[in-house]
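Keep the sequence and the structure side by side.

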Amino acid sequence: MPIINPCALLDRLLAEPQEQPWLEFKVNDDDPQNLGEYVSALANAAMLADRERGYLVFGIQDGTKEKIGTNVRLESKKKGNENFLNWLTRLLDPKILVEVKDFECNGKYFSVLCVEPSFERPVKFSGTAYIRIGSYKKKLSDFPEYERALWLATGRRRFENTIAMSNVSTKEVFDLLDYETYYKLSAEPIPKSHDE
């Protein structure tokens, strides 16, 4: 799930007509408890919307979607003496993939928190599951119809059918896969080119 080109990702997210249940824009509000609740809400909203990921983007003015930059640095953020990402993932149930990326585009700093939904059950942070209803973060237990829909969605979705990594070249895919071993074990000849 590595973010290969964060500036391109930012532009793609800004192309959305407005914030989505799986997409939140902020400027500088990086309270750890609030971020943990957002991770749960975005992961669950992404599952309901059949999206591969949910995003919390810092440096974008809510409403106008103006790129104003941020002081938030998620990669170096701490909660007490613990790395923020370690602290955050420790409090998530089930464990999901969370990526943070700090980057610069056109002289302004941005930070993005990217979460993948769970394929087994709603995501909880510190024992509570959250959901985004429109542009608001709410406790999932207050919306039983969304909770029912989320349980149905997690049952339909299969990890094996999802995108493992996006924005990668053919060469990068083959560098990551041990395809030669597959062909040796299946007693088939290795294709002469990647296109084959």
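Which residues does E19 touch, not counting residues up to four places away in sequence? They are E24, F25, D62, R132 and S135, where contact means heavy atoms within 4.5 Å. This is a predicted model, in which local features need pLDDT of at least 70, side-chain atom pairs count only at pLDDT 80 or more, and totals for chains, interfaces and linings use all residues. Residues are numbered from 1 along each chain as its sequence is written, and side-chain values use heavy atoms, with hydrogens and water left out.

Stay with E19. It is found in the loop between helix 1 (6-14) and strand 1 (23-26). Helices (H or I, at least four residues) and strands (E, at least two) are DSSP runs, numbered from the N terminus. E19 counts as buried because its relative accessibility is 13%. Buried means under 20% relative accessible area, exposed over 50%, and partly exposed in between (1.4 Å probe, protein chains only). The side chain of E19 also reaches the backbone nitrogen of F25, at 2.8 Å.

Now zoom out. The protein has 6 helices and 10 strands. Its C-alpha trace spans about 55 × 45 × 40 Å along the principal axes. Of the 196 residues in the protein, 40% are buried. Take the contacts between residues at least 6 apart in sequence: 70% of them join residues at least 24 apart.

Next, the interior. In soluble globular proteins, nonpolar side chains tend to be buried together. A nonpolar core here is a set of buried Ala, Val, Leu, Ile, Met, Phe, Trp, Tyr and Cys residues joined through side-chain atoms within 4.5 Å. The largest one has 20 residues, and L88 and L113 touch the most other members. Two or more residues come from each of helix 2 (32-48), strand 2 (54-58), helix 3 (84-90), strand 6 (98-105) and strand 7 (108-115). Helix 2 gives the largest share, 5 residues. L88 touches G36, V39, V98, L113 and F125, not counting residues up to four places away in sequence. A second, separate core holds 17 residues, among them L13, W22, I60 and C105.

Helix 1 comes next. Its buried residues are P6, L9, L10, L13 and L14. They lie on the same side of helix 1 because they cover an arc of only 130 degrees around the axis. That arc is taken from the directions from the helix axis to the C-beta atoms. The cover over these buried residues includes strand 1, strand 2, strand 6 and strand 7.

Strand 2 is one of those covering elements. Strand 1 pairs with strand 2 in the parallel sense over 4 bridges; two strands pair if DSSP finds at least two bridges between them. E24 stands opposite L56 in strand 2.

Strand 5 joins strand 8 (residues 124-125) through 2 bridges. F125 in strand 8 is the bridge partner of L92. F125 is also one of the residues that L88 touches. Strand 9 (residues 128-133) pairs with strand 10 over 4 bridges, and I133 has Y136 as its bridge partner. This hairpin has 2 residues between the strands, and G134 takes a positive phi near 65 degrees.

Finish with the backbone in the loops. The peptide bond from D93 to P94 is cis, with omega near -5 degrees. P94 is found in the loop between strand 5 and strand 6. D50, in the loop between helix 2 and strand 2, has a positive phi near 60 degrees and is not a glycine. D50 counts as exposed, at 57% relative accessibility. S126, in the loop between strand 8 and strand 9, also has a positive phi, of about 50 degrees, and is not a glycine. With a relative accessible area of 44%, S126 is partly exposed.

Definitions and conventions:
Polar contact = N/O pair within 3.5 Å; in protein donor to acceptor, adjacent residues only side chain to side chain.
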